[in-house]
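Q: Can you take me through this model, starting with the overall picture and then going residue by residue?

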Amino acid sequence: MQGALFMKKTIAIVGMGEMGAGVAGRLVENGIEVITVLSGRSAASAERAQRAGVRVVASDAEMIEQADAFLSILPPAQAGALADRIRPVIQAKKPAVTYVDCNAVAPETVKSIAAKFSALGLPFIDAAIIGPPPKPGAAVTRFYASGAELSVFLELNSYGLDVRALGPLPGEAAALKMSYAGITKGFQALATAMVLGAKEYDVTDAFLNELRTSQPMLLKWIVSELPRMVPKAHRWVGEMNEISLFLNSEQGASEIFAGAAKLYEAVAADNAVGSESPRVKALDQFVAQEKGGV
């Protein structure tokens, strides 16, 4: 059921990657108009926006003029630049649009972004997305939010999103995201490294047999997740670097994720070459061998 406070409102979202377009599609399905700008974006982004039912406008000024809230959903490395680009446009609008940073960045990163909004008296929300891009009929994506004024974002609970309040300070949602992604994507980096190590020393058969015997649930998870990781590895490099920053005070922990970033970078480079590249081929063979029961 739609909420009375947010009826006929318009949400602006940049960008139109898989997550941004998925969030946009969920909102459109539930009666919210979503708008975006596509300057500097790819043809794939434009296609995703069209499929999601997003209305494209010509400029940042036109987008912010029509919006009631702005969601930034980008690769981590682009979060600060977009905030710097949109902030003066928001400042010029009265009342100001709420800026919601939904990017996988460290608390230090989001606090730095938030401080620039706070200095101008502009509303800012730190949000963490946990789960896959929303799809019709699936309710497994959650949005955790922290900030001084969350009401405008929490209203989206009536429009297909699952938004959960944390505390009043930017950085809390980011910390949750880093902690969770460090487990899920960190485990995938660890599994990738061990599969490649076993391949290098020609002990894959014995490695698989031991996992089947002693860690069947872990093996099932690895085989399920590795094929999904390879095409996304390029997007996870920045996230691993942000987790490294998040853990900067923990001796040894920060370096783990700096290493994971380099590993994902190598996998992404191999994936760009094709399935016959050494790392991608080794990962594919491992998964195929287990699925084939060899």
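Q: What kind of model is it, and how are residues numbered?
A: It is a predicted model, in which local features need pLDDT of at least 70, side-chain atom pairs count only at pLDDT 80 or more, and totals for chains, interfaces and linings use all residues. Residues are numbered from 1 along each chain as its sequence is written, and side-chain values use heavy atoms, with hydrogens and water left out.

Q: How many helices and strands are there in the protein?
A: The protein has twelve helices and eight strands. Helices (H or I, at least four residues) and strands (E, at least two) are DSSP runs, numbered from the N terminus.

Q: Why call it as compact as a globular protein of that length?
A: The radius of gyration is 21 Å, close to the 19 Å from the globule rule for 294 residues, so the protein is as compact as a globular protein of that length. That radius is taken over C-alpha atoms, and the rule is 2.2 Å times the number of residues to the power 0.38. Along the principal axes, the C-alpha trace spans about 65 × 40 × 35 Å.

Q: And what share of the residues is buried?
A: Of the 294 residues, 47% count as buried. Buried means under 20% relative accessible area, exposed over 50%, and partly exposed in between (1.4 Å probe, protein chains only).

Q: How much of the contacts comes from residues 24 or more positions apart?
A: Such pairs make up 65% of the contacts with a separation of 6 or more. Contact means heavy atoms within 4.5 Å.

Q: OK, cores. Which residues have the most contacts inside the largest nonpolar one?
A: Leu226, Met229, Met240, Ile243, Tyr264, Leu283 and Phe286, in a core of 35 residues. A nonpolar core is a set of buried Ala, Val, Leu, Ile, Met, Phe, Trp, Tyr and Cys residues joined through side-chain atoms within 4.5 Å.

Q: Which helices supply at least two residues of this core?
A: H7 (172-200), H8 (204-214), H9 (216-229), H10 (233-246), H11 (253-273) and H12 (278-291) each do. H11 gives the most, with eight residues.

Q: What is Phe286 in contact with?
A: Leaving aside neighbours within four places in sequence, the partners of Phe286 include Val195, Phe207, Leu211, Ile222 and Leu226. There is also a second, separate core of 30 residues, with Val34, Leu38, Phe153 and Leu156 among them.

Q: Switching to the backbone. Which peptide bonds are cis?
A: The bond from Val14 to Gly15 is cis, with omega near 5°. Gly15 sits in the loop between strand S1 (10-14) and helix H1 (18-29). Lys94 and Pro95 are also joined by a cis peptide bond, with omega about -10°. Pro95 is in the loop between helix H4 (79-91) and strand S5 (98-101).

Q: What is phi of Asp202?
A: Phi of Asp202 is near 60°, a positive value in a residue other than glycine. Asp202 is in the loop between H7 and H8.

Q: Is that Asp202 buried or exposed?
A: Asp202 is exposed, with a relative accessible area of 71%.

Q: Now Glu242. Where is Glu242 found, and is it buried or exposed?
A: Glu242 is in helix H10 and is buried, at 14% relative accessible area. Not counting residues up to four places away in sequence, Glu242 touches Pro76, Ala104, Val105, Ala106, Thr109 and Met178.

Q: Last one: what does Lys116 touch?
A: Lys116 touches Asp84 and Arg87, not counting residues up to four places away in sequence. Lys116 lies in helix H5 (residues 107-118) and counts as partly exposed, at 38% relative accessibility.
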